[in-house]
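Opening the notebook on a new model today. I want to go through a few spots and jot down what I find.

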Amino acid sequence: MSLTSFASLGLSTPLVHACAEAGYAAPTAIQVEAIPRLLRGQDLLGLAPTGSGKTAAFALPLLQRIIAGRQHAYRRVRVLVLVPTRELAAQVGQTFRRFGTSCPLPLKVAVLYGGVSVNPQMMALRGGADVVVATPGRLLDLLQRNAVRLDTVEALVLDEADRLLDLGFSAERERVLAALPTNRQNLLFSATFPAEVQALADGLLRDAVRIEAAAEARTEPAIVQRVIAADAPRRTELLRHLVKQEGWRSVLVFVATRYATEHVARKLYDRGIRAAPLHGDMSQLQRTTVLEDFKNGRWDVLVTTDLAARGIDIPGLQVVVNYDLPRSADDYVHRIGRTGRAGASGLAVSFTSAATEAHFGLIEKRNKLMLPRERVAGFEPVQVAAPPPEAAARTGGVKGKRPSKKDKLRAAAASAAHRGTK
Ligand code: AMP
């Protein structure tokens, strides 16, 4: 029975009930692996993709330890979770709050992130907090203002460590770590595992258990992956056609730039699709509102960039569209993992064009995928791929246009693909 499964991991009855109330029928793979070990106080290295249930995998056992160790109302920060983005901070904070209601003494969770006024966060920290969820920059700011003390932290969680490092966390790391006591439990979660994350783990973790949930996600049968070949200038029209034709609701569209989020959303909206942009230049209030409205079904399509969408959890998200392709194979996994979460089925659609086909080929190769190319009636591509660079050089190339770094990468991919077909 489902309740027994969570209980058999060693969680206390109130937390087991809270899981049932949250609609969790049974623990996910990473929860089964992580919860008993974290309850024993072990360090943990989790290779956990989005949608694996990793937030609850660390929040539940850490909360149980807080509950067990708290006999009076005096508050000190016992759990610190560092995350790369504001959205993820809000989400992780929510998970702690949701399960925190089962604590006998009210639990205080402070969520700290930049881009909004610091004063309300300073006020929220008055009287202490049990759990702090923060982005590193704002946390350092508040430490400098003596608004928060971290010398009582018992457990440190680095969530989406790969993204933290991408955003320059290495520079801030030493200053955050210096504020923590040396004797503590350390947890590191990452969806991908580049060498920098390994180095971070080596420096931080002691006798850590390593849990890998990634293999499951990469072969996640719940996500149907489709690739549609079309000419780049017709992508917005194609997207509109698909949304209407296939009756898509709850669609997250990835584009390359902030400008494109506005532009594509506007064009869809003007053609009768309930679409809105989400990007980093919007105020925090605008971002929160648009995301809530999307979750509540007011918008059918949200057009965003990788950075703005990082870590966002949208329950029931049906479709992810790669309007512009992700830069790396890992980003592809990360993006499509936004749908098909926690066992729900999902669809990921990538648009390829003559210019991006070779790049997508590399993404497929890295992820060991071979997806058929679809053509949609009325949107069949007519543009052909540019010749590989040697041929372009022979014909003199494009006058007056120096190739950018991205152009060179694309050209290298195109020529590799070209060689492969010889
Ligand atoms: P995460 O990987 O932490 O971002 O979680 C992804 C989604 O799965 C969230 O919406 C969670 O509420 C949900 N979730 C986590 N654990 C479970 C579970 N055991 N059963 C069902 N849903 C879950």
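**Entry 1: the model itself.** I am working from a predicted model, so I keep that in mind throughout.

**Entry 2: strand 13.** I started with strand 13, residues 346–352, and asked how many of its residues are buried. I got 7 of 7, so I noted the strand as mostly covered, taking buried as under 20% relative accessible area. Next I looked up which way the residues point. Gly 346, Ala 348, Ser 350 and Thr 352 go to one side, while Leu 347, Val 349 and Phe 351 go to the other, and every one of these is buried.

Then I checked the pairing. Strand 8 (residues 223–229) runs parallel to strand 13, with 7 bridges between them. I wrote down one of these: Gln 225 is bridged to Ala 348 of strand 13. Strand 12 (residues 319–322) also pairs with strand 13 in the parallel sense, over 4 bridges. There I noted Val 319, whose bridge partner in strand 13 is Leu 347.

**Entry 3: helices 7 and 9.** Helix 7 spans residues 136–144 and helix 9 spans 169–178; their axes come within 10 Å and cross at roughly 35°. The crossing of helix 7 and helix 9 is left-handed. Which residues make the contact? From helix 7 I listed Pro 136, Gly 137, Leu 139, Leu 140 and Gln 144, and from helix 9 Phe 169, Glu 172, Arg 175 and Val 176. Sorted by class, that contact has 5 nonpolar, 2 polar and 2 charged residues.

**Entry 4: Arg 271.** I found Arg 271 in the loop that links helix 13 (258–270) to strand 10 (275–278). Setting aside neighbours within four places in sequence, I see Arg 271 in contact with Arg 240 and Lys 244. Arg 240 is 31 residues away along the chain, and I get 7.9 Å between its C-alpha and that of Arg 271.

**Entry 5: Arg 126.** Another loop arginine: Arg 126 sits between helix 6 (119–125) and strand 4 (131–134). With a relative accessible area of 59%, Arg 126 goes down as exposed, because the cut-off for that label is over 50%. I also looked up Arg 126 against Arg 75: they are 51 residues apart in sequence, and their C-alpha atoms are 10.0 Å apart.

Terms used:
Residues numbered from 1 in each chain as written. Predicted model: local features only at pLDDT ≥ 70, side-chain atom pairs only at ≥ 80, totals over all residues. Heavy atoms only, no water. Helix = DSSP H or I, 4+ residues; strand = E, 2+ residues; numbered from the N terminus. Contact = heavy atoms within 4.5 Å. Axes fitted to C-alpha atoms, helices over the stretch in contact; angles between N-to-C directions. Left-handed = near helix turned anticlockwise from the far one by under 90°. Nonpolar A, V, L, I, M, F, W, Y, C, P; charged D, E, K, R; others polar. Buried < 20%, exposed > 50% of the residue type's maximum accessible area, 1.4 Å probe, protein only. Pairing = 2+ DSSP bridges.
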